[in-house]
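Below are some notes for a colleague who is opening this structure for the first time.

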Amino acid sequence: MADSGVTDDDKKEALIERVKNEGKELTKEEKQRLRKEKKNQKKNKEKKDGKEEDKGKTAANVAVSKPDSQNAPPAVPASATLPVPAPEAPAATEKPAKSKAELKAERRARQEAERASKQAAVSKPKVVTSELQPAVKRLPEHIQADNPDVLKKVAKKLERQQIPLRVDYGYKVSLVSHLHQYSRKAPLTQQVSIPSSVIHPAIVRLGLQYSQGIVAGSNARSVALLHAFQQVIRDYTTPPNEELSRDLVNKLKPYISFLNQCRPLSASMGNAIKYIKKEIANIPSQSKEDEAKSKLLGCIECYINEKIVLAAKAIAKSSIEKISDGDVILVYGCSSLVNHILCEAFEKSRKFRVIVVDSRPRLEGRETLRRLVQRGISCTYVLISAVSYILPEVSKVFLGAHALLANGYVMSRVGTSQIALVAKAFNVPVLVCCETYKFCDRVQTDSFVSNELDDPDDLIVTRKGKTQLQDWQDVPKLGLLNLVYDVTPPDFVDLVITDLGMIPCTSVPVVLRVKNIDQ
């Protein structure tokens with residue numbers, strides 16, 4: 001037994017010595033095999049008698065020391081006595097072992113190839129979308145009137161909702177050719193047959209009032225929209241096998257599209273619609289229809305009361321502090337909020353005078369003049385072309401707002417930016433009064449990218465029986481531009497008075513962030 005153990009060690013040592021002499025290194029698997037065999041041999045040797053263990057140890061020491069000397073007769077015959085397949089035995093056993101290593105290498109190669117392909121697949125669409133985003137995805141549909149592909153999509157969408165498409169009117173100035181331009185002489189309601197239509201009569205009436213200019217002003221339009229939706233909710237009944245929260249939202253979509261065709265929605269109307277949709281989505285599916293409808297009606301009434309009525313009172317309370325006795329206040333156009341502030345200040349026995357600045361073609365300042373004179377406030381009425389002559393005697397400028405954008409710019413009736421610019425030149429403070437529900441997360445620095453075009457026929461004026469632009473459509477390349485809004489930079493605005501307090505224009509993103517957290 002001891003002799004066989006010696007011969008095994010001699011074989012292994014001879015194999016190691018021979019591989020070293022050939023300049024080859026043992027593979028990891030061969031080394032592991034040798035280690036395992038040595039461990040097994042040690043275990044077997046421990047089981048033997050002490051004498052055999054001593055003999056095995058001395059034989060192992062002799063086998064290790066002999067390869068260094070030149071006279072190694074047992075080592076040479078040991079290598080010589082090795083059978084021919086002995087060196088090939090590891091090779092024969094290497095094949096499955098090497099196949100494992102090869103399999104591991106192949107797996108790693110496959111994993112790396114899959115990772116590389118995934119990264120390439122993910123990176124390629126990003127490049128494509130980043131190239132297409134500025135051209136297609138970031139632009140809303142209502143400011144792509146010159147894109148035929150977008151018009152086709154809008155036409156298909158309206159056709160599914162059974163709503164007619166309103167056709168643009170007249171030749172448009174190339175600078176604003178991407179905006180829609182409609183005529184009041186051809187309202188959308190003429191193309192809608194009410195008995196067979198899917199549009200609620202309250203929405204049809206409201207759309208007609210929007211397109212004809214009967215309901216104008218951000219607050220008035222928002223309140224009218226909310227009241228119309230209240231009527232829709234009252235008349236709504238949930239179909240069988242349907243949920244109110246889902247079906248009612250789908251029911252409102254064609255109504256919103258119809259109103260948008262009559263006249264583009266304002267920023268305040270968009271915020272009100274978002275609020276209604278959020279409240280509808282929050283209705284639990286287990287609630288009864290009558291309870292859900294009464295809850296929605298109460299939410300809408302609460303929105304009108306808090307965001308518009310009480311907000312106006314809070315703004316008036318803060319604004320009165322800025323009005324002193326003897327002030328000359330300049331206002332522009334017709335803002336329901338500014339009119340409310342001035343009337344409240346007059347009731348508080350503040351003595352001031354108001355200069356009403358107006359502009360064509362709407363001449364909304366006449367309505368402001370009528371309301372203030374009825375209250376007994378001293379007023380002066382001028383057109384915007386004379387604003388630079390009367391500004392030296394003005395102490396403060398109060399302006400309304402259509403929307404307050406995220407970058408601090410004020411969107412309001414066209415001409416507001418001109419008045420703010422001239423007031424800045426005369427060092428007259430400009431105060432903008434705006435409710436927070438008009439704050440918008442849109443960013444805009446000019447009045448051409450996103451705006452609204454009014455009826456160009458409003459610019460036609462008849463004087464002494466003569467109409468200069470009566471047949472303007474027959475003149476080629478002649479376009480009449482009737483912009484509704486303009487954008488005022490925050491540098492021209494000294495203070496914004498809101499229902500949350502007095503803030504600078506730069507604080508609009510903070511208010512938007514707080515509102516999003518609350519919602």
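1. A place to start is P361, which sits in the loop between β2 (352–358) and α13 (365–374). The model is a predicted one, and in it the peptide bond leading from R360 into P361 is cis, with omega near 5 degrees. Most peptide bonds are trans.

2. The loop between β2 and α13 also holds L363. Its phi is near 55 degrees, which is a positive value in a residue other than glycine. L363 is buried, at a relative accessible area of 12%.

3. Another positive phi belongs to N427, at about 60 degrees, and this residue is not a glycine either. Most residues other than glycine have a negative phi. N427 lies in the loop between α15 (416–425) and β7 (430–433). With a relative accessible area of 70%, N427 counts as exposed.

4. For the overall picture, the protein has 16 helices and 12 strands. Of its 519 residues, 41% are buried. Among contacts between residues at least 6 apart in sequence, 77% join residues at least 24 apart.

5. How do α7 and α8 cross, left-handed or right-handed? Helix α7 covers residues 201–212 and helix α8 residues 218–234; their axes come within 9 Å and cross at roughly 165 degrees. The angle is over 145 degrees, so α7 runs roughly antiparallel to α8. The crossing is left-handed. On the α7 side the contact is made by A202, I203, L206 and Y210, and on the α8 side by R221, A224, L225, A228, F229, Q231 and V232. Sorted by class, this contact has 9 nonpolar residues, 1 polar and 1 charged.

6. Helix α7 also packs against helix α9 (residues 244–262): the two axes come within 8 Å and cross at roughly 20 degrees. That angle is under 35 degrees, so α7 is roughly parallel to α9. Here the crossing is right-handed. From α7 the contact takes in I203, V204, L206, G207, Y210 and S211, while α9 supplies Y255, F258, L259 and C262. By class there are 8 nonpolar and 2 polar residues in this contact, and no charged ones.

7. Next, consider H178, in the loop between α6 (148–160) and α7. Is H178 buried or exposed? It is buried, with a relative accessible area of 15%. A polar atom of the H178 side chain lies 3.0 Å from the backbone oxygen of V449.

8. Which residues does I143 touch, leaving aside those up to four places away in sequence? They are H178, L179, V449 and S450. I143 itself is in the loop between α5 (85–137) and α6, and is buried, with a relative accessible area of 7%. Between the C-alpha atoms of I143 and S177 the separation is 8.9 Å, although the two are 34 residues apart in sequence.

9. K277 belongs to helix α10 (residues 267–281) and is partly exposed, its relative accessible area being 32%.

Technical notes. Residues numbered from 1 in each chain as written. Predicted model: local features only at pLDDT ≥ 70, side-chain atom pairs only at ≥ 80, totals over all residues. Heavy atoms only, no water. Axes fitted to C-alpha atoms, helices over the stretch in contact; angles between N-to-C directions. Helix = DSSP H or I, 4+ residues; strand = E, 2+ residues; numbered from the N terminus. Parallel < 35°, antiparallel > 145°, perpendicular 65-115°, else oblique. Left-handed = near helix turned anticlockwise from the far one by under 90°. Contact = heavy atoms within 4.5 Å. Nonpolar A, V, L, I, M, F, W, Y, C, P; charged D, E, K, R; others polar. Buried < 20%, exposed > 50% of the residue type's maximum accessible area, 1.4 Å probe, protein only. Polar contact = N/O pair within 3.5 Å; in protein donor to acceptor, adjacent residues only side chain to side chain.
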